[in-house]
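Biologist: Please put the coordinates up. I have some questions about how the pieces pack.

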Amino acid sequence: MRNFILIIRRFFNLILFVGLEIVCFILIAHSRTLQGDDLVSSANTAIGIAYQKQTDLVYYINLGKMNDTLLSENVRLRKLVDRYTTLDTLRDTMVHKALTNTDTTVHIVKYADYRYRTAKVINNSVDGINNYITIDRGAKQGITKGMAVISSTGLVGRVEYVSANFASILSILSNKQQVSAKLKDGTFKSTVWDNEHPDVFMMKDMPPELKIKRGDSVFTTPYGNTFPADVLIGRVAKVELNKKNGKQQLYLTPATNFRNLQYVYVIENLMSEERKQLEELPAKK
Amino acid sequence: MNIYLKNFLRFCIIILLQVFILNNITLHWFTSPAGALFNPFIYPIFILLLPFETPVWVLLVLGFSLGVTVDAFMTTAGMHAAATLLVAYLRTNVLNALMPRNLSEYINQQPSVKNMGWTPFLVYSGFLLLLHHIVFFSIESWSISGFGPLLLKIGASLVTSMLFVIVYILLFTRQTVTRA
């Protein structure tokens, strides 16, 4: 026993060092899993408040730029509204008929019902392997885990951690999440993910016969349960032929400018729960 | 000033500098504008500047709390803490190798340019920051596939960190005023 205590006293520093390193790696391993919760994260209330103070300070510097993006978004939305004003009554009747279920003809109704909430970005990172964005809305404002987040120009990410008044978003600049994506013509779907360069997305293994040009837009698909369909992810920057398997690789630049993100929209999908339950039924059997 | 108060203030200042100023500086050295980004890290300098005779276990505990604080701000879950712990553990050995006298003879002094000289101080901080960057970026990428970009990232980040360390030293060292 005496020798044991002597050994501990002799190697106390080494033991403490190794012990604390083990604690660190447990923390890291915890966050590596998809559903893992970070024990320390920027959704923490104290840190959220600190970031909020910083944003309050530097907020006015970027107002001009923010105004420009909001204006261009308004223009885009106005164009969309113009397109729908003539069709509005027709669409209403279609929905009504399908719900009453009196006739046997097939109607396609858009079921997904989304609720949008705005949120201010109070912390932002672009240079890590998994990048997180902190916003100033949390559980009290109705944010829950898994909601999609978009900016006025494109896809941003999904909500990962939520505290009472803050939430952190895992941005799509991340190894952890792949997004189901389609090209502008809608013919082909594949996943989009990050490679070593944080500002570039890749779409791997596209069939070689597909004709893709630089500047083609890439949108989200309705297949994943997280993101709403037809949100712009990015534009094709480079098309490359992979010589190993003869397939095409696309490099995309993201539509959202992650470096000066100011406001985002958090999207709640009201049908998400129902769809999830339905899709989990076969798995339970 | 009391040495505890001084180091506590330094802890706060370094965290604020790192989180609110340096983390907003993203550089792309040697790569296209869409290439890999680097971030200068100067917060390990808090461990480097603690007094000479600080026992190793205090260094470890302080390094861990410093790393976890930075981790909490950056949502990196223990990566900074792991890298900072290594710096804290090896600090005493590196200082022993670099300093001419035994460390216990430097009472109430801290490693600085004044009592070490520029070259030993830069070797000391450069070596430990190199270790810190290697550990941090390796844990962050967690694979050997992108080895080239990883080395580039470590190298470029280290150069920028060292620049900021020198700036920090020049800013926060009391200059002796010499009049002609």
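Predicted model: local features only at pLDDT ≥ 70, side-chain atom pairs only at ≥ 80, totals over all residues.

Biologist: How do the axes of α1(B) and α3(B) run, roughly parallel or roughly antiparallel?
Modeller: Helix α1 of chain B spans residues 3–21, and helix α3 of chain B spans residues 56–74. Their axes come within 11 Å and cross at roughly 30 degrees. Angles under 35 degrees count as roughly parallel. So α1(B) and α3(B) are roughly parallel.

Biologist: How many nonpolar residues does the contact of α1(B) with α3(B) have?
Modeller: From α1(B) come B:Phe11, B:Ile15, B:Val19 and B:Phe20. They meet B:Ser65, B:Leu66, B:Thr69, B:Val70 and B:Phe73 in α3(B). By class, no residue is charged and two are polar, and the nonpolar residues number seven.

Biologist: And α4(B) against α6(B): roughly parallel or roughly antiparallel?
Modeller: The two helices cover residues 79–98 and 118–141 of chain B. Their axes come within 9 Å and cross at roughly 155 degrees. An angle over 145 degrees counts as roughly antiparallel. Therefore α4(B) and α6(B) are roughly antiparallel.

Biologist: Which hand does the crossing of α4(B) and α6(B) have?
Modeller: The residues in contact include B:Leu86 and B:Leu90 of α4(B), with B:Phe127 and B:Leu131 of α6(B) among their partners across the contact. By class, the contact has 18 nonpolar, three polar and two charged residues. The crossing itself is right-handed.

Biologist: Is B:Pro40 buried or exposed?
Modeller: B:Pro40 sits in the loop between α1 and α2 of chain B. Its relative accessibility is 0%. Buried means under 20%, so B:Pro40 counts as buried.

Biologist: How far apart in space are B:Pro40 and B:Phe164?
Modeller: In sequence, 124 residues separate B:Pro40 and B:Phe164. From C-alpha to C-alpha, the distance in space is 7.6 Å.

Biologist: Over to chain A. Which residue in β12(A) stands opposite A:Tyr116?
Modeller: Strand β1 of chain A, residues 114–124, pairs with strand β12 of chain A, residues 263–269. The pairing is antiparallel, over seven bridges. Opposite A:Tyr116 stands A:Ile267.

Biologist: In what sense do β3(A) and β12(A) pair?
Modeller: Strand β3 of chain A covers residues 148–150. A:Ala148 stands opposite A:Ile267 in β12(A). The two strands pair over three bridges, and the sense is antiparallel.

How values were computed
Residues numbered from 1 in each chain as written. Chains lettered and ligands numbered in written order. Heavy atoms only, no water. Axes fitted to C-alpha atoms, helices over the stretch in contact; angles between N-to-C directions. Helix = DSSP H or I, 4+ residues; strand = E, 2+ residues; numbered from the N terminus. Parallel < 35°, antiparallel > 145°, perpendicular 65-115°, else oblique. Contact = heavy atoms within 4.5 Å. Nonpolar A, V, L, I, M, F, W, Y, C, P; charged D, E, K, R; others polar. Buried < 20%, exposed > 50% of the residue type's maximum accessible area, 1.4 Å probe, protein only. Pairing = 2+ DSSP bridges. Left-handed = near helix turned anticlockwise from the far one by under 90°.
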